[in-house]
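Please look over the model below with these notes beside it.

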Amino acid sequence: MGRTREFDEEAVLKGAMHVFRKHGYQGASIRDLEEATGLKGGSIYHAFGDKAGLFDAAFRHYNRAVLEGRLERFAPPGSGLKGLRELFLSLLHEPDNGSLGCLITNMAVEFGGDVKTHPRVEAALGLLRSTFRSRLGESSNVARDADEAKADRTAVRLLALYQGLLVLIRGGEDKASLRQAIEDEFNQLETLL
């Protein structure tokens, strides 16, 4: 019978998530992870197998707590284009002022040179794309029925804008100009759909 975990898994995963957001997978040292999680290296290995296991658990936590939470809050089913606009605008108001960046975006860049992207990155980008596509379909009979290919292309364009915004926010771009870019995109979409 295995020992029960004697730590707050939520707090550990949140700490690890922030380390990976800030330093990336390769740049995150076991020492960084120990400091952020309060666990010693041996405990990390015992609980998660290795650094990759902790990363996978932290990424799963990020997708559930941050990405899915943001989608549920700002662009739930039935919210259409208005929900998407609110979702995009929410990126400009990160609790940590966007200083750590998005784990999905950061890992897409870090793992992007690999033959196959990390499965959690693929799943997160797929969730965003399908959410965008679904909300576009709620906003327009055209997007829903007449031109599936156009709606799919629009969803990919929104995914590129979403990820680009996250990169620019981390890079310190002026948020007023990013807000205007979001407003321009959604104003244009409203006239097209």
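1. The largest nonpolar core holds 51 residues. F20, L54, L84, F132 and Y162 touch the most other members. A nonpolar core here is a set of buried Ala, Val, Leu, Ile, Met, Phe, Trp, Tyr and Cys residues joined through side-chain atoms within 4.5 Å. Buried means under 20% relative accessible area (1.4 Å probe, protein chains only).

2. At least two residues of this core come from each of α1 (9–27), α3 (41–48), α4 (51–74), α5 (80–90), α6, α7 (119–139), α9 (148–170) and α10 (175–192). With eight residues, α4 gives the most. Helices are DSSP runs (H or I, at least four residues), numbered from the N terminus.

3. The model is predicted: local features need pLDDT of at least 70, side-chain atom pairs count only at pLDDT 80 or more, and totals for chains, interfaces and linings use all residues. Residues are numbered from 1 along each chain as its sequence is written, and side-chain values use heavy atoms, with hydrogens and water left out.

4. Take L84. Setting aside residues up to four places away in sequence, L84 touches A75, F132, R135, L136, L158 and F186. Contact means heavy atoms within 4.5 Å.

5. I104 sits in helix α6 (residues 103–111). I104 is buried, at 2% relative accessible area. Beyond its neighbours within four places in sequence, I104 contacts F59, Y62, N63, L67, V121, A124 and L125. A124 is 20 residues from I104 along the chain, yet their C-alpha atoms are separated by 6.9 Å.

6. Q163 belongs to helix α9. Is Q163 buried or exposed? Buried: its relative accessible area is 12%. Not counting residues up to four places away in sequence, Q163 touches T105, L125 and L128.

Note on methods:
Buried < 20%, exposed > 50% of the residue type's maximum accessible area, 1.4 Å probe, protein only.
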